[in-house]
Amino acid sequence: MTEKPKLIDVEEFFANPKFSGASISPDGTRIAYLAPQYGRTNVWVRGIDEEHADAVCVTHDARRGIKTYHWADDPRWLLYLQDTDGNEDFHLYRVDLDAPGEPAVDLTPMPAGSRVFGLQPVKSVPGSVFVWMNRRPTFVDLFRIEVATGATTPHLERTEPLDTFLVDSAGAAAFYTSQTADGTHEFYAVDPDTGDRRLLQRLGGPEHPLGVVPTLVTPDGKGLLVGAYQDSDDLRLVRIDRATGEQTVVAAVPGHSLCTMSQLSASLPPTLFTSERTGEVIAARFVGDRPRIEVLDPHFAEVYAALSKLSDGVLDSVSSDATEQRWIASFIHDREPGLTWFYDHGTGESKLLFRPRPELDPADLAPVTAVHFPARDGLPLHGFLTLPVGVEPAGLPLVLLVHGGPWAHDSWTHNPTAQFLANRGYAVLQVNFRGSSGYGKRHITAAVGEFAGKMHDDLIDAADWAVRQGYADPARIGISGGSYGGYAALVGVTVTPDYFAAAVDYVGISNLANFMRTLPPFTRPALFNSWYRYVGDPEDPAQEADMLARSPLTMADRIRTPLLVAQGANDVRVVQAESDNLVESLRARGVAVEYLVAEDEGHGFENPENQIRLHRAIERHFAQHLGGRAVGA
């Protein structure tokens with residue numbers, strides 16, 4: 001075998017990337033991107049032919065890194081979103097690019113508990129943006145904001161928490177959506193003159209646990225693009241005609257579903273790519289052993305063919321100028337993440353703009369391999385295996401890395417935690433257990449009623465598969481995850497207390513009933529097809545009893561596995577009490593548990609010093625109990 005690679009410093013995985021999140025201005029003369037300043041990611045702007053040394057830092061947040069920004073249609077302004085210490089109360093801020101040293105202006109001052117959910121330009125009113133926000137705590141309404149002045153005008157208000165208007169490019173209500181008492185999603189056409197609504201389609205409930213995704217009005221306002229299963233097990237992109245209600249398949253790949261991960265975070269790869277020039281959908285992303293891009297537009301087909309020559313990865317995100325001649329593209333890759341290129345379609349010229357983490361040598365990182373195996377009841381399972389470089393892949397300590405959601409999925413990409421663990425000598429297995437998105441209607445709905453049941457069995461079956469294949473030492477299996485993944489880790493050490501040699505619970509649920517009761521009020525009406533359908537209603541005594549029986553806190557007396565718990569103090573999804581109560585229960589019994597609390601974090605750690613602290617603790621924890629490598633050991 002080749003020589004073992006060096007131990008890569010934890011900072012190289014989890015410090016702020018040197019560069020990320022690039023996009024081109026609408027006029028094609030400038031690029032904006034994220035880069036460190038004041039120890040946090042801030043927005044920088046430079047000319048298209050300039051270097052970073054020529055760039056200007058236009059935001060000045062020393063408290064929390066900026067992740068999401070937008071060009072305004074007026075070249076003077078740039079917009080960005082920011083919350084406070086991870087509380088997810090995002091506000092929209094305006095930066096004056098003519099005076100980048102001036103403080104940013106909050107365009108959406110609101111009390112705690114209200115936030116911005118999304119924005120889009122208003123093409124019919126230059127200089128304005130549409131913003132969805134809940135000034136009324138349980139209603140997410142649509143407002144028009146004049147960027148230069150901050151003047152805010154209510155545009156469309158919801159009458160029911162689950163009902164909403166979908167607007168066309170001019171801002172007119174084109175469609176209306178509603179959810180019935182049984183969770184069915186209904187889509188209506190809106191008469192432009194009278195406002196009357198006419199039912200077009202109904203789409204089922206539990207196979208859409210996070211709502212129907214995507215939903216996008218076509219630029220002409222005559223169609224609605226939705227993610228629908230129709231008569232298939234696969235999620236397709238379908239157009240609903242506003243006049244007739246007829247469904248037409250726009251994009252479908254047999255055996256593959258649309259990737260809807262972008263609904264969870266704007267920083268994740270987009271489900272749909274849209275034209276800067278026309279607003280039409282030009283490509284769609286599907287789930288597979290490697291993500292799959294289906295191109296839908298002839299012009300973008302030419303661009304995509306050229307972009308595909310720049311990386312052997314998969315297209316992550318693109319932006320273009322208004323003419324769609326100048327492009328910036330970034331790529332997904334397991335060992336060379338986030339390569340970002342500039343491409344001029346007019347000249348055919350391209351140049352590498354940056355590598356986000358130039359200090360990481362791809363040769364030192366581990367390939368990520370798609371794997372497949374059946375669950376014990378025959379349900380096909382898909383996962384990804386990362387094996388350490390330079391080590392015989394036999395009898396290794398294994399970490400089962402469990403994704404959150406649970407209505408999300410792991411994919412072929414660069415996962416810094418998986419790479420960090422592989423560098424420390426662990427085999428890392430990520431499995432898309434039942435309930436994960438992206439693998440069809442049967443797969444996602446097979447999780448109904450199966451928290452701490454068959455969902456957990458899938459994880460055990462995955463680890464058993466790795467043992468049977470010879471990759472893993474059955475005496476040295478650990479489990480780690482965040483959010484639902486943290487819950488899964490706790491289920492692992494309670495339902496199967498002798499299976500795992502070590503566990504990490506990162507912002508995980510310990511009490512399902514308390515978790516649901518403490519979610520923000522505006523989320524609760526939207527939970528019918530997810531938590532209520534899949535887990536239960538904590539206000540129903542019988543269902544609450546079942547939820548408590550599936551809650552790790554109820555079974556905490558079974559825990560004897562070495563456990564590390566990490567929690568953000570400002571977490572509004574999984575409140576700190578979820579971790580506090582578990583840790584207190586264990587310490588009252590004399591069970592040792594390491595507990596990290598980050599006072600300036602929410603549901604997941606964003607600040608690099610907290611990520612570094614967390615992963616140093618994980619490194620020590622697993623080295624002690626699973627026998628992997630560690631710096632200084």
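Reply: Buried means under 20% relative accessible area. The model is predicted.

Me: With that cut-off, does A513 count as buried or exposed?
Reply: A513 lies in helix α7, residues 512-517. Its relative accessibility is 1%, and the limit for burial is 20%. A513 therefore counts as buried.

Me: How do α5 and α6 lie to each other, and at what angle do they pack?
Reply: Helix α5 covers residues 454-468 and helix α6 covers residues 484-495. Their axes are 10 Å apart, at an angle of about 80°. Angles of 65 to 115 degrees count as roughly perpendicular. So α5 and α6 are roughly perpendicular to each other, at about 80°.

Me: How many charged residues does the contact of α5 with α6 have?
Reply: From α5 come M455, H456 and L459. From α6 come Y484, A488, V491, G492 and V495. By class, six are nonpolar and two polar, and the charged count is no residues.

Me: What is the arrangement of α3 and α11?
Reply: Helix α3 (residues 416-423) packs on helix α11 (residues 608-626) at about 40°, with axes 11 Å apart. Roughly parallel would need an angle under 35 degrees, and roughly perpendicular 65 to 115. That makes α3 oblique to α11.

Me: Which hand has the crossing of α3 and α11?
Reply: On the α3 side, the contact uses T417, F420 and L421. On the α11 side it uses H615, I618, E619 and F622. These residues divide into four nonpolar, two polar and one charged. The crossing of α3 past α11 is right-handed.

Me: What radius of gyration does the chain have, and why does it agree with a compact globule?
Reply: The C-alpha trace spans about 65 × 60 × 45 Å along its principal axes. For 633 residues, a compact globule would have a radius of gyration near 26 Å. The value for the chain agrees with this: 24 Å.

Me: What share of the residues of the chain count as buried?
Reply: The chain has eleven helices and 35 strands. Among contacts with a separation of 6 or more, 54% join residues 24 or more positions apart. Of the 633 residues, the buried share is 57%.

Key
Residues are numbered from 1 along each chain as its sequence is written. This is a predicted model: local features need pLDDT of at least 70, side-chain atom pairs count only at pLDDT 80 or more; totals for chains, interfaces and linings use all residues. Side-chain values use heavy atoms; hydrogens and water are left out. Axes are lines fitted to C-alpha atoms, for helices over the stretch in contact, and angles run from 0 to 180 degrees between N-to-C directions. Helices (H or I, at least four residues) and strands (E, at least two) are DSSP runs, numbered from the N terminus. Angles under 35 degrees count as roughly parallel, over 145 as roughly antiparallel, 65 to 115 as roughly perpendicular and the rest as oblique. A crossing is left-handed if the near helix is turned anticlockwise from the far one by less than a right angle, and right-handed if clockwise. Contact means heavy atoms within 4.5 Å. Ala, Val, Leu, Ile, Met, Phe, Trp, Tyr, Cys and Pro count as nonpolar, Asp, Glu, Lys and Arg as charged, and the others, Gly among them, as polar. The radius of gyration is taken over C-alpha atoms; the globule rule is 2.2 Å times the number of residues to the power 0.38. Buried means under 20% relative accessible area, exposed over 50%, partly exposed in between (1.4 Å probe, protein chains only).
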